[in-house]
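Please open the model in your viewer and keep the selection panel at hand. The stops below say what to select and what is found there.

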Amino acid sequence: MSRLLGRRAHFDALAAAVADPAGLAALHVDAEVPQPVAQWLRQLALLRDVPFGHLVPDEAMLPPESIRFFALDRRWVDALVDGACSIGRVSAADAAHDAALAAALHEAAAAPAVATGFLLRSAVVTDWPRLAIEAYDAAGARLGEPPLRQETVAPATLLYLVAGEIDRLALREPAESLHFGADATGGRKALRWVTVPPGGPPEARPGDVVRDTPGPAVPLRAGGRVVRVDRLAQEVRAGVDGAHANDGRPFTPAELALQLVEGAQVVRFGRAPRGKGG
């Protein structure tokens with residue numbers, strides 16, 4: 001009987017301690033979250049290991065060749081962390097201890113106060129694995145150096161997340177080498193200054209596009225998939241000579257190469273003015 005009474009007294013003392021939030025908080029005041037747990041919570045706060053179906057519950061929300069911008073809801077992240085920490089919470093005592101440790105756990109998760117990003121579902125993700133991304137806030141400051149996350153999370157689907165609020169975004173073709181190109185969809189090849197003659201535009205420099213002078217249409221072979229380079233070279237030369245963009249100098253393969261240089265392709269997004277939609 002005395003042994004049972006001793007156990008009852010121990011249980012009553014434990015129940016009283018659990019029922020005292022201030023006492024529990026004092027008990028855990030110097031508790032430290034283990035580093036592996038803290039690291040896992042930090043990754044969870046960045047949506048790592050969150051099933052893709054929870055990020056995009058319906059495919060219609062992210063159709064092929066689309067981009068969707070988002071802001072990370074801090075309350076949702078806090079609920080996510082709390083849910084992860086609730087595993088094994090089966091009694092009132094467990095809940096009380098979790099409540100006392102909640103602040104330390106959320107601090108360990110280190111969820112960013114403001115985080116924004118986008119999901120891009122496109123062949124670009126597959127074709128350009130080194131896609132260059134530049135994000136800026138409303139003041140023009142660069143965001144995401146480095147980003148919180150830049151990762152392929154599903155086939156042809158990229159998740160990008162930065163601390164701060166994205167106002168403008170640029171997606172660039174990887175500038176890994178010199179690019180040559182021409183518009184094969186009926187456009188014209190812009191002409192460039194090779195040598196600016198005396199009396200030419202004062203602001204013009206070699207390599208700049210010749211303004212107000214349309215270049216030649218890109219000649220294609222039957223089927224529209226192969227450029228007729230010989231004819232293109234002739235028409236580019238005629239255009240350069242006609243615009244006096246080479247100052248009468250011989251038109252060599254180097255001059256043709258200058259005309260065919262293309263910068264890396266870039267697609268820009270910007271936030272519409274508030275109150276005007278978009």
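Select helix α8 (residues 229-242) together with helix α9 (residues 253-260): their axes lie 11 Å apart at an angle of about 90°, so the two helices are roughly perpendicular to each other. Angles of 65 to 115 degrees count as roughly perpendicular, under 35 as roughly parallel, over 145 as roughly antiparallel and the rest as oblique. Axes are lines fitted to C-alpha atoms, for helices over the stretch in contact, and angles run from 0 to 180 degrees between N-to-C directions. Helices (H or I, at least four residues) and strands (E, at least two) are DSSP runs numbered from the N terminus.

Now show side chains. Leu232, Ala233, Val236 and Val240 of α8 meet Leu256, Gln259 and Leu260 of α9, where contact means heavy atoms within 4.5 Å. This contact of α8 with α9 holds six nonpolar residues, one polar and no charged. The nonpolar class is Ala, Val, Leu, Ile, Met, Phe, Trp, Tyr, Cys and Pro; Asp, Glu, Lys and Arg are charged, and the others, Gly among them, polar.

The model is predicted: local features need pLDDT of at least 70 and side-chain atom pairs count only at pLDDT 80 or more, while totals for chains, interfaces and linings use all residues. Residues are numbered from 1 along each chain as its sequence is written, and side-chain values use heavy atoms, with hydrogens and water left out.

Next, select α3 (residues 35-45) and α5 (residues 74-85). They pack at an angle of about 140° with axes 10 Å apart, which makes α3 oblique to α5. Trp40, Leu41, Leu44 and Ala45 in α3 meet Val77, Leu80, Val81, Ala84 and Cys85 in α5. By class, this contact of α3 with α5 has nine nonpolar residues, no polar and no charged.

Move on to the sheet. Its four strands run in the order β4-β3-β7-β8, open and with antiparallel pairing; two strands pair if DSSP finds at least two bridges between them. β4 (142-143) and β8 (266-270) are at the edges with a single partner strand each, so one side of each has no neighbour in the sheet.

Select β3 (residues 132-136) and β7 (residues 168-172), which are joined by five bridges. Ile133 has Leu171 in β7 as its bridge partner, and Glu134 stands opposite Ala170. Four of the five residues of β3 are buried (under 20% relative accessible area; exposed is over 50%, partly exposed in between; 1.4 Å probe, protein chains only).

Finish at the hairpin of β3 and β4, which has five residues between the strands; Gly140 in the turn has a positive phi of about 90°. Ala135 is bridged to Leu143 in β4.
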